[in-house]
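Hi,

Here is the structure I promised to pass on. Have a look at it first, and then read my notes below.

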Amino acid sequence: VQLQVERVRDEAGAREWHAVDDVVVPTDHPGLLADPLEEVLARLPEGTPSERVLLFVGRVGGEPVANAEVMLPMQDNPHVASLDLAVRPDRRRRGIGRELLAVLLDVVREEKRNTVTGHVGGPLTGEPPGARFARSVGASPVHTELRRELLLATVDDAAVDRLASWPPGYELVQWVDRAPADLVGDAAMLMARMTTDAPLGELDWQPEIWDAARFREKEDRAIGGGRRRLVSGAREQVSGRLVAYTDIGVNRSRPVIAYQWDTIVLPGHRGRRLGLLVKAANLRLLRRQVPGVRSVQTWNAADNGYMVAVNDALGFRPVERWEHWQKRL
Ligand SMILES: CC(C)(COP(=O)(O)OP(=O)(O)OC[C@H]1O[C@@H](n2cnc3c(N)ncnc32)[C@H](O)[C@@H]1OP(=O)(O)O)[C@@H](O)C(=O)NCCC(=O)NCCS
């Protein structure tokens, strides 16, 4: 094929990138939609200081048929590049994916990264084309997650409230978008722990390095992309420290699908249902703050038993297998 691959640098390119995603995402991931254009624009020109993001469009005969994203962590994991690539469903199986990947791998080599990771979503049983593609290019599956979906119309508030009785010594803290100044350092510490405490299978991902400035950058990035972040946490009263955290992201201009982002309880405070309590509280916050949300999406490692039990109790149900692949260069 005569594939032309070009870096996206302006709004016109972002529109093409987004047009591909608009067809690909609902086809490959039932229940999901492409992120709104403003979220693509917010990643230009090249992401943020802690994560460089390079977007590419692939065209055949001038028409955009494929898109890709290369993510380069800058504060940790200097050996890794995460790739996401997709070909329009009506143009698959003609070698476009393979050609696009070859261009992306050249970029990765130039960036001196030797480990490439990517994910493939697909039905709960059976193998999606992405998995066959990944195998054919020499990658191996290293970690499996399930995407779970909570349909908000099915949530029984009274039942969730019955699950939730708050243990003595902790209080609920909540915020939207930006953490209060006295909690941002703790929130950053909990983000670092996410990368050591959540199972990652054989994914070669080293602990992330977080401070308050990086947490602020993460907040700004979400706000810049039009996302609202809803956070519920638990503060230990005696120390004043934030010991549990959960957040949900939802786009302001299209608040239909909400994403469960991170959830973590600090060791030493686990086993007191704080995980369930903060998640239940955050769902209530979401419904209060953002009417119109239809579903909440979450991704969990298949072997993360405790988190999965919490999600089951709240009514999340598995809808998709989500496999991470890895290739050494
Ligand atoms: C994965 C994807 C990018 C492949 O794009 P494509 O243009 O169809 O890929 P190619 O035509 O270059 O296929 C290259 C090889 O992958 C394998 N492959 C790809 N799709 C396949 C399928 N449906 N069945 C079996 N093998 C397949 C084959 O070995 C193929 O080589 P061959 O045609 O010579 O046998 C495309 O299916 C897609 O966009 N999927 C959704 C997004 C995704 O899963 N991305 C994965 C990486 S993040």
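Before anything else, a cut-off you'll need: a residue is called buried when its relative accessible area is under 20%, exposed when that area is over 50%, and partly exposed in between. Take D262 as a test case: its relative accessibility is 16%, so D262 counts as buried. Also keep in mind that this is a predicted model.

While we're on D262, you'll find it in strand β10, which covers residues 257-265. Setting aside neighbours within four places in sequence, D262 is in contact with M191, M194, K218, Y245, T246 and D247. If you want a sense of distance, D262 and L37 are 225 residues apart along the chain, and their C-alpha atoms are separated by 24 Å.

Now the ligand. Which residues come nearest to it? Of the 20 residues around the ligand, those are V87, R93, G95, G97 and R98. By type, the shell splits into eight nonpolar, five polar and seven charged residues. Four elements each supply at least two residues of that shell: β4 (80-87), α3 (96-110), β5 (115-122) and α4 (129-136).

- A polar backbone atom of G97 sits 2.7 Å from an oxygen atom of the ligand.
- For R98, a backbone N or O atom is 2.8 Å from a ligand oxygen.
- S136 uses its side chain instead: a polar atom there lies 3.1 Å from an oxygen atom of the ligand.

And how much of the ligand does the protein bury? On its own the ligand exposes 920 Å², and the protein buries 80% of that.

Next, the strands. Start with β3 (residues 63-73): ten of its eleven residues are buried, so this strand is largely enclosed by the rest of the structure. On one hand, β3 is joined to β2 (residues 51-60) by ten bridges, with the two strands running antiparallel.

The loop between β3 and β4 holds a couple of residues I'd point out. One is N77, whose phi is near 50 degrees, a positive value in a residue other than glycine. N77 has a relative accessible area of 2%, so it is buried. Another is H79. With a relative accessible area of 17%, H79 is buried as well. Not counting residues up to four places away in sequence, H79 touches R113, N114, T115, D204 and Q206.

What does strand β12 (residues 317-328) pair with? One partner is β5, joined to β12 by eight antiparallel bridges, and V116 stands opposite K327 there. Another is strand β6 (residues 140-151), which pairs with β12 in the antiparallel sense over nine bridges. In that pairing, H143 faces H324 in β12.

Is V243 buried or exposed? At 2% relative accessibility, it counts as buried. Beyond its neighbours within four places in sequence, V243 is in contact with Y170, L190, A234, E236, I264, V265, L266, H269 and L274. R321, which is 78 residues from V243 in sequence, is 30 Å from V243 in space, C-alpha to C-alpha.

Most residues other than glycine have a negative phi, and most peptide bonds are trans. Against that background, have a look at these:

- The peptide bond from L44 to P45 is cis, with omega near 0 degrees. P45 is in the loop between α2 (37-41) and β2.
- R273 has a positive phi, near 65 degrees, and is not a glycine. You'll find R273 in the loop between β10 and α8 (274-289), and its relative accessible area of 41% makes it partly exposed.

Cheers

Notes: Residues are numbered from 1 along each chain as its sequence is written. This is a predicted model: local features need pLDDT of at least 70, side-chain atom pairs count only at pLDDT 80 or more; totals for chains, interfaces and linings use all residues. Side-chain values use heavy atoms; hydrogens and water are left out. A residue is near a molecule or strand if one of its heavy atoms lies within 4 Å of it. A polar contact is a pair of N or O atoms within 3.5 Å; within protein, one must be able to donate a hydrogen and the other to accept it, and residues adjacent in sequence count only if both atoms are side-chain atoms. Accessible areas come from the Shrake-Rupley method with a 1.4 Å probe; for residues, only the protein chains shown count as cover. Ala, Val, Leu, Ile, Met, Phe, Trp, Tyr, Cys and Pro count as nonpolar, Asp, Glu, Lys and Arg as charged, and the others, Gly among them, as polar. Buried means under 20% relative accessible area, exposed over 50%, partly exposed in between (1.4 Å probe, protein chains only). Two strands pair if DSSP finds at least two bridges between them. Contact means heavy atoms within 4.5 Å.
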